Number of protein chains: 2
Amino acid sequence: MPDSGQRLPKAVSQRLSLYLRHLEALEAKQRGTVSSSQLARALGLTAAQVRKDLAYFGQFGFPGVGYKVPNLAQEVRRILGTDRTWRVALVGAGNLGTALLRYRGFRRQGFEIASVFDADPRLDGKTVAGVRVHPIGELSRVVRDEGIKLAILAVPAEAAQEVASSLAQAGVRGILNFAPTRLDVPESVRVHAVDLALQLEQLAFRVRQDDR
Amino acid sequence: MPDSGQRLPKAVSQRLSLYLRHLEALEAKQRGTVSSSQLARALGLTAAQVRKDLAYFGQFGFPGVGYKVPNLAQEVRRILGTDRTWRVALVGAGNLGTALLRYRGFRRQGFEIASVFDADPRLDGKTVAGVRVHPIGELSRVVRDEGIKLAILAVPAEAAQEVASSLAQAGVRGILNFAPTRLDVPESVRVHAVDLALQLEQLAFRVRQDDR
């Protein structure tokens, strides 16, 4: 009974992404099977936790053999929804936007930046990392016409709220927000904020704790 | 006895960063006090969880009043180690590196990008976002001379391991890694990987689950 409408806790879905990364590394090495204790060791979890997570969506290893790597990877992709390609809009083609356009990891995980928008008229019609930049005024039309449901926000903080509202109105359902500001969007829209300073803060904290 | 050598669980330290963000927003609005239930509501936690987290390092609110915002913020900063400025080395002055140099959030949270390195000889001595770029050959000397303990890795995946090893040898203790590759470093060095595709994957998963 895989994903029969039950909602996975956030911690479990985050671990699914980590399982998938590791399974993909094993696939690249042409490894056929992996045991729950091997998965656990690689990710710093207990084997019991791994078995519990995977049993959540009906995956059971074979005693003494473990899981078949390609099957398990495919099943995790299916649960995460990355067994298909998501078309994503990118708003902001500055340094960060350009870096994101060039980031190879997105396509590898099933995300294609399908259209790019920027408010700077000097970028109109220009090509950044092989993708043509649309003027911001075309955002609603293009997003709606192309049925795009995910967007990446890489604009200055001052511009973020207005863009987020336009995206929501055009039917976008999830926003990955790099702008260091809180967004006010309808409940039907999910926002995931990428707080880069927070990541550095947590790292600094761990380093400091190691020194005790 | 606040941080008397006891190690905070990772989930708690992550929530501390979130408390701090919210406390800073309250400070900006000149709010004097905040209750555990207000903090809980703002962050989607239970009031009991907030009280438990803050009691961890000896912070107790006053019944009917709550916590004093500036005191609590300062205490959280002290626990996280961001009550002082951390000097950070940035390796890679391409699009991502430049975006990170311009990112205002770092300095606001106590991080100063003190030196920048790039392997591209055309960037030698050039200034990016007001900071002079050093040739990569100077990395070990500068990091060691300046006693830098944290680094941000914004180089292509192929170059990441070599740079990480140099950083570790030069005394860096924490690396924020944007390169989509796993780093092999001594145990004394903490690596925090920023996996941008993973964040998009989790967002897509949530959006898809909302549709059920």
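About 6,100 Å² of area is buried between chain B and chain A, and carbon and sulfur atoms give 55% of that area. The size of an interface is often given in this way, as the accessible area lost when the parts come together. The model is predicted. Chain B puts 67 residues into the contact, and chain A puts in 67 residues. Six salt bridges are counted between chain B and chain A. One of them joins B:Asp195 to A:Arg21. The closest N and O atoms of that pair are 2.9 Å apart.

**How the copies are arranged**

Two copies of a chain are related by a rotation about an axis and a shift along it. Here the rotation is 180 degrees and the shift along the axis is 0.0 Å. This superposes chain B on chain A with an RMSD of 0.1 Å. The two copies are therefore related as by a two-fold rotation axis. Which C-alpha of chain B is nearest the axis? That of B:Asn95 is, at 2.4 Å from the axis. Both copies use the same surface, since 100% of the contact residues of chain B recur in chain A.

**The sheet of chain B**

Strands of a sheet pair through backbone hydrogen bonds, either parallel or antiparallel. In chain B, seven strands form an open sheet with mixed pairing. Their order is 5-6-4-3-7-8-9. Strand 5 and strand 9 (190-193) of chain B are the edge strands, and each pairs on one side only.

Now look at strand 7 of chain B, residues 150-153. Strand 3 (residues 86-91) of chain B runs parallel to strand 7, and four bridges join the two. In this pair, B:Val91 stands opposite B:Leu153. Strand 7 also pairs with strand 8 (residues 174-177) of chain B, again in the parallel sense over four bridges. There, B:Ala151 has B:Ile175 as its bridge partner. From strand 7 the chain crosses through helix 8 (residues 157-169) of chain B to strand 8. This β-α-β crossover is right-handed.

In a regular strand the side chains alternate between the two faces of the sheet.

Most residues other than glycine have a negative phi. A:Gln30 has a positive phi although it is not a glycine. B:Ala129 also has a positive value in a residue other than glycine.

| Residue | Phi | Loop | Relative accessibility |
|---|---|---|---|
| A:Gln30 | about 60 degrees | between helix 1 (10-28) and strand 1 (33-34) of chain A | 73% |

Why does A:Gln30 count as exposed? Its relative accessibility is 73%, and exposed means over 50%.

Conventions:
Residues numbered from 1 in each chain as written. Chains lettered and ligands numbered in written order. Predicted model: local features only at pLDDT ≥ 70, side-chain atom pairs only at ≥ 80, totals over all residues. Heavy atoms only, no water. Buried < 20%, exposed > 50% of the residue type's maximum accessible area, 1.4 Å probe, protein only. Pairing = 2+ DSSP bridges. Right-handed = clockwise from strand over helix to strand, strands pointing away. Least-squares fit on C-alpha atoms with pLDDT ≥ 70 in both. Contact = heavy atoms within 4.5 Å. Buried area = accessible area lost by both parts, 1.4 Å probe. Salt bridge = Lys/Arg side-chain N within 4 Å of Asp/Glu carboxyl O.
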